Structures are given as structure tokens and as C-alpha cells.
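This briefing is meant to be read beside the sequence and the model.

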Amino acid sequence: MGAHRWRLDGQVALVTGASVGIGRAIAAELLGLGADVMLVARDEAQLEASCGELEEQFPEAQVRGFAADVADAEQRREIFDWVEDLGNGLQILVNNAGANDRKPSMDYADAEWRAIFEANLFSAFELSRFAFPLLSQHAASAIVNVGSVSGLTHVRTGSPYGMSKAALHQMTRNLACEWAEDGVRVNSVAPWYIRTRRTSAALADADYLDEVIDRTPMGRVGEPEEVAAAVAFLCLPASSYVTGECIAVDGGFLRYGF
């Protein structure tokens, strides 16, 4: 017991979609708690810039970046070839990367909705399976999946996005039960509207923003750091008896009635 329960010193984390927004905030939060962090993102220039900024902010930690698209099966393999080649092991995996294309259900081409599932669900499943041999080498390790309130109730994100996130939450529950005996905890978070580059266009519509705020008891959108804090808690020794859980980071949205 003690302060070490709230630290990640000596642990190695892999965060996908880590160069901007929620993913970058998660990387910073884990670094601040003492972890060494490997960042994965598609945009190599942005990834390099983010790694450089984080190295300046956390000079005592080890920050590494790898440019890859987790929606591509071959590049998923390359990520874990890289992780294994580094030889530092792995205690934490955060499946944060995702994608969306918001439109009415009848307007999706097959390739479009399948691409959403590839980015949001299949990537997390396969990366978790690649990570398992490394994670299970430790007495206690953690996977955190960044889901969405759209996987728990209807929101206007488009049905494939909501379906993929619902499946991600169910995957969290299944892997948590299956891998508990191996010392691997698996949890998820479900954000509502968070102020990021991805949400900026929707939230720029004043009328839409008013609707969002009206359905959010706390009366505001969230910040990336607020999601990152919940993710970090699920990685900490302090949450050692928590697995298969989903924490909504939603300002009360899911609990709002009439």
C-alpha cells in the first residue's frame, strides 16, 4: 500500500492514435505518472512533433514513436515487431485510435462502413492479441480501450461507429474474463463530446452545440485530459481489482433523463 499505487514507474505503455487529441493527452498523463511511452499514429510529421514536445515536457522518461495505420493488418504486425525489437517489454496497451464517417445508414458504401470497423474494432482486437504474450509475462498489466457513449446509447455519430464501439465494449468484457487468470486487466472508457480536432466541426455549429450542452448535466463538453485521467486510473496499481469495467467520461450524459 502507499504512493506506489498511484505511480507507473518502470512500466512501458503503448498508446495508439497518440499524436493528437485524446491519445496525446493519454500519453502525457502516463508519462507524468512515471511510465515510458511508445506512441503510434498515422501522421509521421505530427507524431515526431508530439514526441519532441513530450520529451521536453518529461525529460526523465523514454518517449518513442512509430508511424503506422492500425487499420492496416500488415502495419499492425509491424508495430509489434518494433515493440519486440526494442526489448523493453510491455505492461500497458491503450487502444485509442479510431475513425468515423458520419452519414445516414443507407448512404454508406460497403467499403466505408467496413473501414470504420477495421479502425475501431478489428485493430483493437488484433493489437490486444499481439500484446497478450508480452502483457502476460507480468503479474499485473492492463489494456484500456477507448470506446464511446455511442456504443452504449444512440447518438448522432452514424450507426457503424456506434456498432463498432458497442462491440469494442463487449470485447473489453470478454477479454477481461478470459485473461484475468493471466494477470491482464481489460477495461474501457466511454467519452461523450470531448474538445478535439475531430469534434471541432460539429461543435462549431452553435445550434448543435446548444443541443449537446442541453443534454449534458455538467453543461459543457469535456477536455482530452479528463479522458486521459480516467484511462490512467485504469492502468494504475490502485485499480488492481477493476476489470471488465467501462467508465463513462460524459459529464452525466448517459444518466440524463427528463
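The points below are grouped by topic.

The model is predicted, and its protein chain contains eight helices and seven strands. Its 258 residues have a radius of gyration of 18 Å, which agrees with the value near 18 Å that a compact globule would have.

**Overall form**
- Along its principal axes, the C-alpha trace of the protein chain spans about 50 × 40 × 40 Å.
- When contacts in the protein chain between residues at least 6 apart in sequence are considered, 74% of these join residues at least 24 apart.

**Burial and surface**
- Of the 258 residues in the protein chain, 47% are buried.

**Cysteines**
- The structure holds zero disulfides, and C235 is in none, the nearest cysteine sulfur, that of C246, being 14 Å away, whereas a disulfide needs the two sulfur atoms to be within 2.5 Å.
- C235 is buried, because its relative accessible area of 4% falls under the 20% cut-off.
- C246 is likewise in no disulfide, and for this residue the nearest cysteine sulfur is that of C177, 14 Å away.
- With a relative accessibility of 22%, C246 counts as partly exposed, because that class lies between 20% and 50%.

Definitions and conventions: Residues numbered from 1 in each chain as written. Predicted model: local features only at pLDDT ≥ 70, side-chain atom pairs only at ≥ 80, totals over all residues. Heavy atoms only, no water. Helix = DSSP H or I, 4+ residues; strand = E, 2+ residues; numbered from the N terminus. Rg over C-alpha atoms; globule rule 2.2 N^0.38 Å. Buried < 20%, exposed > 50% of the residue type's maximum accessible area, 1.4 Å probe, protein only. Contact = heavy atoms within 4.5 Å.
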